Amino acid sequence: MTAYADYLLTTAREQLLSPFVPVSLAELVGGTGEALLRAGLLGLLDTVRAVLLSSASLRTWGHYAVTRASLAECWDDTGPLGGNDLRSLAAAVEHAATPAKRRHGLTAPVTAYTAVGPRLRQVPGAAELLAGVGYASAVCRANLTLADVVRGDSEQGLFENGCRWPVARSASQGTP
């Protein structure tokens with residue numbers, strides 16, 4: 001959020017303080033001083049985030065929010081980046097992070113690169129769906145799917161097969 005606030009206070013400052021918006025940030029905070037604008041903007045962004053997190057009809061991942069209805073539709077969709085692809089992604093990420101068996105039954109820890117964006121780009125037919133804001137939506141849905149797998153199938157991120165995932169960050173509780 002700090003980076004977004006920095007962007008708004010520098011590159012997009014003219015838009016932020018525009019007299020053509022219903023109420024400019026300067027009017028809301030009572031001045032144009034840098035510290036005043038920054039505090040006011042961060043307060044507004046915190047308020048928006050709190051509203052998103054409190055909504056029963058939304059799921060959040062990081063600073064992104066999707067409706068539970070659209071997430072459920074995605075999981076039911078049989079096309080590219082639909083439920084089948086998200087289940088395959090979850091299985092592939094879990095498999096990649098599963099510790100390797102060594103001789104004598106011991107396991108060796110494994111570090112796996114589990115970024116979902118590059119994996120989503122490999123899905124046949126997904127290129128068009130990953131353009132513009134579609135990319136952020138797809139990554140958000142994929143991370144929510146992974147968070148649900150971790151929350152539902154693991155004990156604090158540790159699976160029976162020895163795979164350990166970081167506990168899902170910022171994902172709201174519950175299913176779609």
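Reader: How many salt bridges does the structure hold?

Author: Three salt bridges. A salt bridge here is a side-chain nitrogen of Lys or Arg within 4 Å of a carboxyl oxygen of Asp or Glu. This is a predicted model, where local features need pLDDT of at least 70, side-chain atom pairs count only at pLDDT 80 or more, and totals for chains, interfaces and linings use all residues. Residues are numbered from 1 along each chain as its sequence is written, and side-chain values use heavy atoms, with hydrogens and water left out.

Reader: Which residue does Arg38 bridge to at 2.8 Å?

Author: Asp6, with 2.8 Å between the closest N and O atoms. Arg38 sits in helix α4 (residues 34-54) and Asp6 in helix α1 (residues 2-9), so these are distant parts of the chain, 32 residues apart. Helices are DSSP runs of H or I with at least four residues, numbered from the N terminus.

Reader: Is Arg38 buried or partly exposed?

Author: Partly exposed, at 26% relative accessibility. Asp6 is partly exposed too, at 32%. Buried means under 20% relative accessible area, exposed means over 50%, and partly exposed is in between (1.4 Å probe, protein chains only).

Reader: And what does Arg13 pair with?

Author: Glu34, with the closest N and O atoms 3.1 Å apart. Arg13 is in helix α2 (residues 13-16) and Glu34 is in helix α4, so the bridge ties together parts 21 residues apart in sequence. Arg13 has a relative accessible area of 25%, which makes it partly exposed. Glu34 is partly exposed at 40%.

Reader: How far apart are the closest N and O atoms of Arg38 and Glu34?

Author: 3.8 Å, and the pair forms a salt bridge. Arg38 and Glu34 are four residues apart in helix α4, so about one helical turn separates them. Through shared partners, the salt bridges join Asp6, Arg13, Glu34 and Arg38 into one network.

Reader: New topic. Which residues touch the most other members of the largest nonpolar core?

Author: Leu81, Leu89 and Leu120, in a core of 23 residues. A nonpolar core is a set of buried Ala, Val, Leu, Ile, Met, Phe, Trp, Tyr and Cys residues joined through side-chain atoms within 4.5 Å. Helices α5 (68-76), α6 (83-96), α7 (116-121) and α8 (133-153) each supply at least two of its residues. The largest share, eight residues, comes from α8.

Reader: What does Leu81 touch?

Author: Setting aside residues up to four places away in sequence, Leu81 touches Cys74, Leu86, Leu120, Val123, Ala126, Leu129, Leu130 and Ala138. Contact means heavy atoms within 4.5 Å. There is also a second, separate core of ten residues, with Leu8, Leu16, Leu25 and Leu41 among them.

Reader: How many disulfides turn up?

Author: Zero, from a search of the whole structure. A disulfide would be a pair of cysteine sulfur atoms within 2.5 Å. Cys74 is buried, with a relative accessible area of 9%. Cys140 is buried at 2%.

Reader: Last one. Where does Thr145 lie?

Author: In helix α8. Thr145 is buried, at 8% relative accessibility. A polar atom of the Thr145 side chain lies 2.9 Å from the backbone oxygen of Arg141. Leaving out neighbours within four places in sequence, Thr145 is in contact with Trp75 and Leu86.

Notes. A polar contact is a pair of N or O atoms within 3.5 Å; within protein, one must be able to donate a hydrogen and the other to accept it, and residues adjacent in sequence count only if both atoms are side-chain atoms.
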